[in-house]
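Hi everyone, thanks for coming.

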Amino acid sequence: MADRNFTSSTREIPDVSAAPRHIAIIMDGNGRWARKRFMPRVAGHGRGVEAVRNVIRGCMERGVSHLTLFAFSSENWRRPADEVSFLMQLFMRSLQKEVDRLHQNGIRFRVIGDLSRFEAPLVEMIRNAERVTADNDKLTLTVAANYGGRWDIMQAVNRMLAKHPERRDDFTEEELAAELSLNYGPEPDLFIRTGGEKRISNFLLWQLAYTELYFTDVLWPDFDDAALDEAIRSYQSRERRFGRTSEQVQAAAKDPKAQAESRSRRSGGHA
Ligand code: IPE
Ligand code: IPE
Ligand code: MG
């Protein structure tokens, strides 16, 4: 069920001087990291896990409450079979090794994506990790595995229609958003893609509508605290307007009354 405490971030302007509440990352560049060192591509994935550990800690230290990591896209099945199977093994091994530590650190662990293509023991391990960590609240760590933004929107539409077969054309954005896999957290404030590519690659299509985008050439295994700080600094230098003018945003920041007024005039009258 959706967590109703979170309104769409396009409805109100978060204070960018604070840490982003939700960071979503496309962890790209593992293969190139390894190739540069004349190592097999999969060695880069191994090192990528270390960068994951580090960024989880970094986010907790910086007061980020939600971190979402793209680990395997619905398109990544197109890779050579041995790389796909290495990635699955690595996911299993890492999960096995890390769940206790995640739990001890108060981290709630979730996986989003179409798990129907995964082998039963992996799915069982994922569901178990989710159960064990369900009540933790220091950080919500979501791993997107066999995830695609289009898949997510389609499954949400289908679920919404199945729940209300009697209705036809009066569904709202809120109802659809409540059926998306990531219905338990705020929309990402900051999106980071490492590895130099400037694309979304079918990640969180719905939720990234107003997210601040940050692209860096740093390859994922090299993404350290300094790189995270640079991304957050870039975020903190942005002005999030959600359609308003800069003058409106600045006036609202100084005057909470104007802020409330501007909220009630949100998105052209709907909701
Ligand atoms: C990202 O690194 C990891 C996954 C997609 C699983 P890549 O493996 O895409 O690395 P490059 O882009 O080939 O360097
Ligand atoms: C995107 O990386 C998915 C993950 C990081 C898991 P890719 O490296 O597969 O992205 P494209 O296909 O090059 O855009
Ligand atoms: Mg890549």
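Let's begin with a word I'll need in a moment: a residue is near a molecule or strand if one of its heavy atoms lies within 4 Å of it. Also, what you see is a predicted model, where local features need pLDDT of at least 70 and side-chain atom pairs count only at pLDDT 80 or more, while totals for chains, interfaces and linings use all residues. Residues are numbered from 1 along each chain as its sequence is written, chains are lettered from A and ligands numbered from 1 in the order in which they are written, and side-chain values use heavy atoms, leaving out hydrogens and water.

Okay, so which residues are around ligand 2? They are Ile 26, Met 27, Asp 28, Phe 70, Ala 71, Phe 72, Ser 73, Asn 76, Arg 79, Arg 193, Arg 199 and Ser 201.

Some of these make polar contacts, meaning a pair of N or O atoms within 3.5 Å (within protein, one must be able to donate a hydrogen and the other to accept it, and residues adjacent in sequence count only if both atoms are side-chain atoms). Arg 199 has a polar side-chain atom 2.6 Å from an oxygen of ligand 2. For Asn 76, a side-chain N or O atom sits 2.8 Å from a ligand 2 oxygen, and for Arg 79 the distance is 3.1 Å. On its own, ligand 2 has 390 Å² of accessible area, and the protein covers 79% of that (Shrake-Rupley method, 1.4 Å probe; for residues, only the protein chains shown count as cover).

Now back to Ser 201. Its phi is positive, about 50°, although it is not a glycine. Most residues other than glycine have a negative phi. Ser 201 lies in the loop between strand 5 (190-193) and strand 6 (212-215); helices (H or I, at least four residues) and strands (E, at least two) are DSSP runs, numbered from the N terminus.

Asn 146 lies in strand 4 (residues 139-147), and is buried at 5% relative accessible area.

Last stop, helix 4. Its buried residues are Leu 122, Met 125, Ile 126, Ala 129 and Glu 130. The face turned away from that buried side carries the exposed residues Ala 120 and Arg 131.

How values were computed:
Buried means under 20% relative accessible area, exposed over 50%, partly exposed in between (1.4 Å probe, protein chains only).
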